[in-house]
Amino acid sequence: MLSALSIRDIVLIEKLDLELSAGLTVLTGETGAGKSILLDALGLALGARGDSTLVRSGQAKGTVAAAFTLPASHAVVRLLAEEGIDAADELVIRRIQTAEGPSRALINDQPVSLTLLRQVAALLAEIHGQHADRALVDVSAHRVLVDAFGGLEGRAAEVARLHAAMTAARTALDDHRALMARAEAERDYLEHAVAELAKLDPQPDEERHLAEARQVMMHAEQFAAVLDEAEAALAGETAQEARLNAALRKLERRRDQAGGRLDGVCAALDRVLNEMTEAGRALAEARGRFAFDPKELEQSEERLFALRAAARKHRSTVDDLAQVRARLEAELQSLSDGGQKLAALDKAARAASDAYAKAADELSAARRKVAKGLDRAVLAELPALKLERARFETAVESDAARPAATGIDRIEFMVSANPGTPLAPLMKVASGGELARFMLALKVVLAARGSAPTLIFDEIDTGVGGAVADAIGQRLARLAEGLQVLAVTHSPQVAARAGQHLLISKQGRAKGKEVVTVVAALTPDHRREELARMLSAAEVTDEARAQATRLLNGRTP
């Protein structure tokens with residue numbers, strides 16, 4: 001729900017901070033007091049188009065901040081989490097409008113696009129009133145409302161899933177057909193390329209291994225020369241090795257008599273002799289590895305150059321040649337498998353289409369049935385709202401040739417406000433007051449299904465009074481049992497049913513040079529006086545006060 005609204009420097013509002021409660025809140029005041037300004041400010045916070053004329057004269061900018069409290073399971077919390085914005089505890093929308101024209105939007109102090117703001121706002125609040133641009137009557141939402149009224153959301157989600165599966169199956173079929181057509185046109189090239197790559201048989205990481213081996217073989221003579229020097233140095237110590245062996249044998253013969261004092265010397269000499277032998281063996285093995293073979297070098301270079309040439313030909317890297325080979329073999333295989341894969345994909349696509357068509361047809365039939373029930377429920381609400389001669393119909397147009405994720409239906413609410421006039425789209429009814437009352441009837445019927453948690457109604461009681469105004473008040477109160485409802489009203493019958501009553505008025509500044517709009521929460525006594533003013537003409541009478549008391553106590557006209 002909308003828990004608080006703060007406005008700074010918007011038109012005639014210099015500074016305003018409102019704490020809002022659940023249930024029904026009404027806003028009243030004399031004509032021109034600034035009720036429309038308050039709704040313009042709230043609309044700005046909810047994503048309406050910015051306008052520099054909204055900024056109070058002489059100020060650089062105007063600001064509107066709307067705070068909402070939401071359960072952790074609310075769709076807005078999940079939506080903002082995807083954008084990296086935490087809204088689990090409280091959500092604050094701030095819109096800053098500059099006098100130069102540009103505006104900025106922030107949610108929980110993080111800048112957001114106007115598109116995201118409008119997505120969020122649509123899930124938080126709806127404004128319905130005298131002007132079509134304020135009434136959030138979106139034809140694409142009519143289908144959602146019908147599904148919500150009939151509890152068809154699960155079936156609609158299944159149709160969306162089947163549509164995605166059908167689209168994927170058709171894409172796979174089309175891709176394979178395109179592959180086959182391309183392969184057929186390039187059969188000769190494919191056969192030659194596959195044969196060439198099969199003969200080349202590129203292996204993973206082969207280029208690196210070949211390049212390293214080529215580098216070693218190209219410098220084999222240099223490596224061999226160094227090994228020769230090491231081997232010569234070791235061979236020059238032959239006499240020394242013989243002397244060491246002789247000394248070791250002499251020491252070992254006297255070792256037992258030395259009481260362990262010669263053990264370390266004997267062990268050290270033994271290690272030296274062993275290492276000399278191991279060094280000789282290692283040198284011999286190394287020489288074998290660096291044996292220069294011009295033919296082997298030539299073969300290695302030819303292999304490396306062939307791989308790189310193939311890579312250039314197929315516009316790939318040497319390491320990707322194995323994948324290129326697999327892809328070309330798959331294209332060639334598509335021509336030689338007798339059309340088996342094509343037939344399998346075609347069968348899968350037809351099965352997916354049949355499954356979608358069946359589910360979409362069943363959903364369409366269910367929607368038509370639900371639409372009739374919705375029509376009856378809305379029509380039952382209209383007489384009390386002074387629309388007893390109006391007609392309401394949910395038009396369901398189905399076109400199986402234009403399947404969509406939402407099904408095959410286009411759904412739109414149609415109305416006729418006067419006898420003899422044809423049904424027309426809801427947004428084209430002549431009177432703004434009639435539009436608002438149609439929306440009220442819809443909202444009452446739909447209750448919490450398919451509705452934002454906060455509803456704002458702007459003067460939906462215009463042009464009515466007495467029993468009709470009381471009927472509007474009753475319905476707003478019923479709505480407020482499950483939703484937060486804010487209503488701008490001129491009707492005392494509506495205002496008397498509110499749990500919170502806010503009075504909008506103008507106040508003059510010193511010497512009457514400046515006028516500002518202020519909003520005050522009314523106490524019971526002040527509320528009675530405001531209702532009496534609404535009931536009176538030029539002067540508030542005792543009779544009006546008595547009638548206001550009856551409205552507040554008995555809630556009857």
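## Basis and overall make-up

Helices (H or I, at least four residues) and strands (E, at least two) are DSSP runs, numbered from the N terminus. This is a predicted model, in which local features need pLDDT of at least 70, side-chain atom pairs count only at pLDDT 80 or more, and totals for chains, interfaces and linings use all residues. Residues are numbered from 1 along each chain as its sequence is written, and side-chain values use heavy atoms, with hydrogens and water left out.

The protein chain has 18 helices and 15 strands. Of its 557 residues, 42% are buried, a term for under 20% relative accessible area, with exposed meaning over 50% and partly exposed in between (1.4 Å probe, protein chains only). The accessible surface comes to about 29000 Å², and carbon and sulfur atoms hold 52% of it; areas come from the Shrake-Rupley method with a 1.4 Å probe, and for residues only the protein chains shown count as cover. Among contacts (heavy atoms within 4.5 Å) with a separation of 6 or more, 70% are between residues 24 or more positions apart.

R249, K250, R253 and R254 form a positive surface patch. Patches are made of residues with over 30% relative accessible area and no salt bridge, like charges being joined within 9 Å and nonpolar side chains (Val, Leu, Ile, Met, Phe, Trp, Tyr) within 5 Å. Lys and Arg count as positive and Asp and Glu as negative, while His and the chain ends are not counted. A charge is placed at NZ of Lys, CZ of Arg, CG of Asp or CD of Glu.

R254 sits in the loop between α9 (238-253) and α10 (263-289) and is partly exposed, at 48% relative accessible area. R255 is found in the loop between α9 and α10 and is partly exposed at 30%. Leaving aside neighbours within four places in sequence, R255 is in contact with G260, L262, D263 and C266. The C-alpha atoms of R255 and C266 are separated by 8.4 Å, with the two residues 11 apart along the chain.

## Salt bridges

The structure holds 21 salt bridges, each a side-chain nitrogen of Lys or Arg within 4 Å of a carboxyl oxygen of Asp or Glu. One of them pairs D17 with R8, the closest N and O atoms being 3.1 Å apart. D17 is partly exposed at 44% relative accessibility, and R8 is partly exposed at 29%.

R56 and E14 form a salt bridge with an N to O distance of 3.7 Å. This pair links distant parts of the chain, 42 residues apart: R56 is in the loop between α1 (35-45) and β4 (61-68), and E14 is in strand β2 (residues 13-19). R56 counts as buried at 10% relative accessibility, whereas E14 is partly exposed at 29%. R545 and E529 form a salt bridge at 2.8 Å between the closest N and O atoms. That pair joins helix α18 (residues 542-554), which holds R545, to helix α17 (residues 524-535), which holds E529, across 16 residues. Salt bridges that share partners join D174, R177, D346 and R350 into one network.

Most residues other than glycine have a negative phi. N108 has a positive phi, near 50°, and lies in the loop between β6 (103-107) and β7 (110-111). D109, in the loop between β6 and β7, has a positive phi near 70°. D109 is exposed, with a relative accessible area of 60%.
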